[in-house]
Amino acid sequence: MNWPKGLSPLIAPAVLLSGASLAWTTWSLVDLLGTGPIGLTVAAGADIVWAAVIAAEARGLRITAPVGKSRNLVPAIGWAALLAVAGLLVWHGIRADSIPMAVAGPLLPLGAKVVWLLALTDMRDPAALTEKERAVLASMERGLTFEEEQHRIEMRRRAMTAELYLAEVDVDFRIERSRQDKARELQRGRSPLEIAPIANTDHEPEQPAITPSMPPLAPTAPPPSSSANADREQPSIADLARDQVAITTTNSAAVQAILAARPNADRESVAAAVRRARRNADGMKGGYG
């Protein structure tokens, strides 16, 4: 008979002995309890515990003992359950006044237990890790998982700290920029308005100053009265522009009034003079020109 890879030929007798043991144990406990069908619950419970421990041993489950970290309690639980069932079978034989039943009854579960141990040992890979080595690897795996979680939490903390720092820098930047804007506004309000002097080209150039090295200038005779002198004695375009700006509200009205008084004046020159006079007047009132 060809067995599947990884399974032992001892599995077949182990299963047969387990079935016979379960049947015998169930009947014995029901007969021992004397409660009829209700006794099946206790018998089935004992059989389920015994079978579950065998399955746990086959899967290699471990329950670490509190005293020794390397000690596994699963085999001990299996033997304890087996001894309890065997004790109940012996008790049943004694109650039935049958020495052979009391002696042969526990042989079925004990035999099944031994055959299962042989089958599990036969299926165990010789190159497989021992329980101690698997425990060491499991401990290393737990340590690695702990370090990964610790690293993840540390990165979250650093990210939160960086976000807080960036928020503080942004607030400081906004406050500093607002402070600088307010300082510039305050400086503009306190500094006097600087207006460049405008040269008056309508007046004649002033007479040069007399220095000790220069001879005194001889007094000049007043020019004869003529039409040119009469025009010079009239108010200049700049004077008219200042007067009109003071009494008019728009530059166009001032230009029209000056051209009405001086029809020979150039319109562009008059407009330029009016604009200069308006800027000067606004500057004296505190405007920006």
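Rings of Phe, Tyr and Trp, the last taken by its six-membered ring, form an aromatic pair if their centres lie within 6.5 Å, and planes under 30 degrees apart count as stacked, over 60 as edge-to-face and the rest as tilted. The model is predicted, so local features need pLDDT of at least 70 and side-chain atom pairs count only at pLDDT 80 or more, while totals for chains, interfaces and linings use all residues. Residues are numbered from 1 along each chain as its sequence is written, and side-chain values use heavy atoms, with hydrogens and water left out.

**The whole chain**

Show the protein as a cartoon to begin with: its secondary structure comes to ten helices and zero strands, where helices (H or I, at least four residues) and strands (E, at least two) are DSSP runs numbered from the N terminus. Buried residues make up 21% of the 289 residues in the protein; buried means under 20% relative accessible area, exposed over 50%, and partly exposed in between, with a 1.4 Å probe and protein chains only. Among contacts (heavy atoms within 4.5 Å) between residues at least 6 apart in sequence, 58% join residues at least 24 apart.

**Helix H1 and the tryptophan pair**

Select residues 11-33, which are helix H1. This helix has 23 residues and reaches 32 Å from its first C-alpha to its last, close to the 33 Å expected at 1.5 Å a residue, the expected span being 1.5 Å times one less than the number of residues. The buried residues of H1 are Ile11, Ala14, Ser18, Ser21, Thr25, Ser28, Leu29, Val30 and Leu32, and they pack against H2, H3 and H5.

Now show the side chains of Trp24 and Trp27, which both lie in H1, three residues apart, about one turn of the helix. They form the aromatic pair, which is tilted, with 5.4 Å centre to centre and 40° between the planes. Trp24 counts as partly exposed because its relative accessibility is 26%, and Trp27 is partly exposed too, with a relative accessible area of 44%. Just after H1, select Gly34, which takes a positive phi of about 70°.

**Helices H3 and H5**

Which helix packs with H3 at an angle of about 155°? Select residues 74-95 for H3 and residues 107-123 for H5, and you will have the two partners, whose axes are 9 Å apart. That angle makes H3 roughly antiparallel to H5, given that angles under 35 degrees count as roughly parallel, over 145 as roughly antiparallel, 65 to 115 as roughly perpendicular and the rest as oblique. Axes here are lines fitted to C-alpha atoms, for helices over the stretch in contact, and angles run from 0 to 180 degrees between N-to-C directions.

To see the contact itself, show Gly78, Trp79, Leu82 and Leu89 in H3, which meet Pro109, Leu110, Lys113 and Leu117 in H5. These residues divide into six nonpolar, one polar and one charged, where Ala, Val, Leu, Ile, Met, Phe, Trp, Tyr, Cys and Pro count as nonpolar, Asp, Glu, Lys and Arg as charged, and the others, Gly among them, as polar.

Stay on H5, which has 17 residues and reaches 24 Å from its first C-alpha to its last, close to the 24 Å expected at 1.5 Å a residue. Its buried residues are Pro109, Ala112, Lys113, Val115, Trp116, Ala119 and Leu120, and these pack against H1, H2 (39-59) and H3.

Select Asp97, in the loop between H3 and helix H4 (99-104). Its phi is near 55°, a positive value in a residue other than glycine, and at 71% relative accessibility Asp97 counts as exposed.

Move on to residues 237-247, helix H8, where Gln244 is found. Is Gln244 buried or exposed? Gln244 is buried, with a relative accessible area of 17%, and it touches Ala254, Ala257 and Ile258, not counting residues up to four places away in sequence.

Leu240 also lies in helix H8 and counts as buried at 15% relative accessibility. With that same exclusion of residues up to four places away in sequence, Leu240 touches Pro235, Ile258 and Arg262. Leu240 and Val255 are 15 residues apart in sequence and 9.5 Å apart in space, C-alpha to C-alpha.

Finish at Arg279, in helix H10 (residues 267-285), which counts as partly exposed at 40% relative accessibility. Arg279 and Val245 are 34 residues apart in sequence and 9.8 Å apart in space, C-alpha to C-alpha.
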